[in-house]
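Visitor: Could you take one residue of this model and give me a close look at it, and then place its surroundings within the rest of the chain?

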Amino acid sequence: MNNNYLDVLTNDHLLIEKALLLLEKESKKAEKMNVSMVKTLIEFLDEYGDKCHNMKEEKIYFPLLLERGLPPQGPIGVMLQEHQMEREFLDKLKETINDIEKDSSTSLRMTNEFANSVAGYEELTKSHIWKENDILYPMGKHVITHDDETYLYNEFIKIESETAGAGAYERYVVQINTFEKQTGQRIDLLSAISTEIMTNMLDSIPVELSFVDADDRVRYFNKIYEKKIFTRTLSVIGRTVQQCHPQKSVHLVTQIIEEMKAGKRDEASFWINFESMFVHISYYAVRNENGEYQGVVEMVHDVKPYRELEGEKRLLD
Ligand SMILES: [Fe+2]
Ligand SMILES: [Fe+2]
């Protein structure tokens with residue numbers, strides 16, 4: 001982590017959101033819910049989310065914003081109210097999960113009650129995080145000085161070690177990642193998007209992409225029906241990359257893939273003059289969360305228009 005006060009706050013938010021997602025999924029399992037995991041998640045949301053993260057805001061960040069001229073009744077007032085509402089939800093969650101743990105014949109009524117509280121807490125906290133990330137923090141950036149940034153960062157680290165112990169954030173990251181692996185609940189945003197939209201999305205960007213799997217077979221390329229910098233036809237799908245690369249560059253591709261498989265390389269790039277274009281070609285290793293090789297993405301791009309840019313463009317054409 002770098003020494004940026006805003007990264008501290010937004011990284012906290014991301015971790016809280018991950019915990020919320022795990023808690024939501026677990027709470028829907030009714031009597032099959034993993035009570036000890038749920039207790040640890042609630043403990044994190046209380047001990048870290050409230051007593052550490054919210055205190056960074058309440059004790060350090062909000063007072064500084066007020067000092068720099070933000071009104072007390074505006075967004076800061078709303079955020080403080082919401083922190084209080086979050087606390088009330090957390091008290092309720094702690095109480096219900098303790099009852100569930102004590103009672104060996106956990107009833108459906110209790111688990112339903114728990115799931116409802118989780119849903120209410122999640123809705124409130126998600127919208128709270130959104131308001132801070134997208135409204136309050138950008139407002140804050142306009143009023144705080146360079147020196148304030150250093151002050152905020154140092155005070156945040158101090159509060160963290162006072163409330164949750166030094167290195168608390170890193171410890172909780174490991175904990176929550178472990179839960180994600182255990183439950184197979186790694187955040188998967190793409191599952192909410194249809195293949196059609198995904199295809200159109202990848203076709204809409206001015207970049208040519210291909211994917212070669214771990215057995216060196218071409219499995220995907222975008223812009224199937226469009227004219228591309230390097231022609232590709234559907235017949236390459238399923239063929240090995242060595243079979244469909246020009247002879248003069250095949251040894252390079254093979255070397256890149258071998259080095260990626262051996263874990264010695266994650267990226268390779270080249271740039272060439274081609275027809276009237278300046279073509280950038282790059283390869284990125286695709287790995288799973290354990291670092292195992294799953295294939296390689298090739299990205300081909302005419303970067304000539306970018307090389308000609310000067311100054312800034314901030315207005316819409
Ligand atoms: Fe907050
Ligand atoms: Fe926050």
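Guide: L41 lies in helix α2, which covers residues 35–67; helices (H or I, at least four residues) and strands (E, at least two) are DSSP runs, numbered from the N terminus. This is a predicted model, in which local features need pLDDT of at least 70 and side-chain atom pairs count only at pLDDT 80 or more, while totals for chains, interfaces and linings use all residues. Residues are numbered from 1 along each chain as its sequence is written, and chains are lettered from A and ligands numbered from 1 in the order in which they are written.

L41 counts as buried, with 27 C-beta neighbours inside 10 Å; the class asks for 20 or more other C-beta atoms within 10 Å of the residue's own, whereas 12 or fewer make a residue exposed and the values in between partly exposed, all with C-beta atoms placed from the backbone. If residues up to four places away in sequence are not counted, L41 touches A19, L22 and L23, a contact being a pair whose C-beta atoms, placed from the backbone, lie within 7 Å. L20 is 21 residues away from L41 in sequence, and their C-alpha atoms are 8.1 Å apart in space. L23, for its part, touches V38 and V118 as well as L41, again leaving out residues up to four places away in sequence.

These contacts belong to a wider assembly. A19, L23 and L41 touch the most other members of the largest nonpolar core, which has 34 residues; such a core is a set of buried Ala, Val, Leu, Ile, Met, Phe, Trp, Tyr and Cys residues joined through C-beta atoms within 7 Å. Two or more residues of this core are given by each of α1 (5–27), α2, α3 (75–102), α4 (108–143), α5 (146–163) and α6 (168–183). The largest share of this core, 10 residues, comes from α2. Apart from this core lies another, of nine residues, among them V212, V253, Y283 and V296.

After α2 comes G69, whose phi is positive, near 110 degrees. Most residues other than glycine have a negative phi. A30 is partly exposed, with 14 other C-beta atoms within 10 Å.

For the setting as a whole, the protein has nine helices and five strands, arranged along the sequence as α-α-α-α-α-α-α-β-β-α-β-β-β-α. The radius of gyration is 25 Å, well over the 20 Å that the globule rule gives for 317 residues, so the protein is more spread out than a compact globule; that radius is taken over C-alpha atoms, and the rule is 2.2 Å times the number of residues to the power 0.38. Buried residues make up 21% of the 317 residues, and the C-alpha trace spans about 70 × 55 × 35 Å along its principal axes.

The domain assignment, which is automatic or from a database, gives domain 1 (5–187) and domain 2 (195–307), with 40 Å between their centres, taken over C-alpha atoms. Leaving aside neighbours within four places in sequence, I229 is in contact with E208, F274, M277, V279, V300 and D302, whereas E122, 107 residues away from I229 in sequence, is 47 Å away in space, C-alpha to C-alpha.

As to confidence, the mean pLDDT is 92, and 98% of the residues reach 70 or more, on the predictor's scale for each residue from 0 to 100. Confidence is lowest in α6, at a mean of 91, and highest in strand β4 (residues 277–287), at 97.

Conventions:
Two residues are in contact if their C-beta atoms, placed from the backbone, lie within 7 Å.
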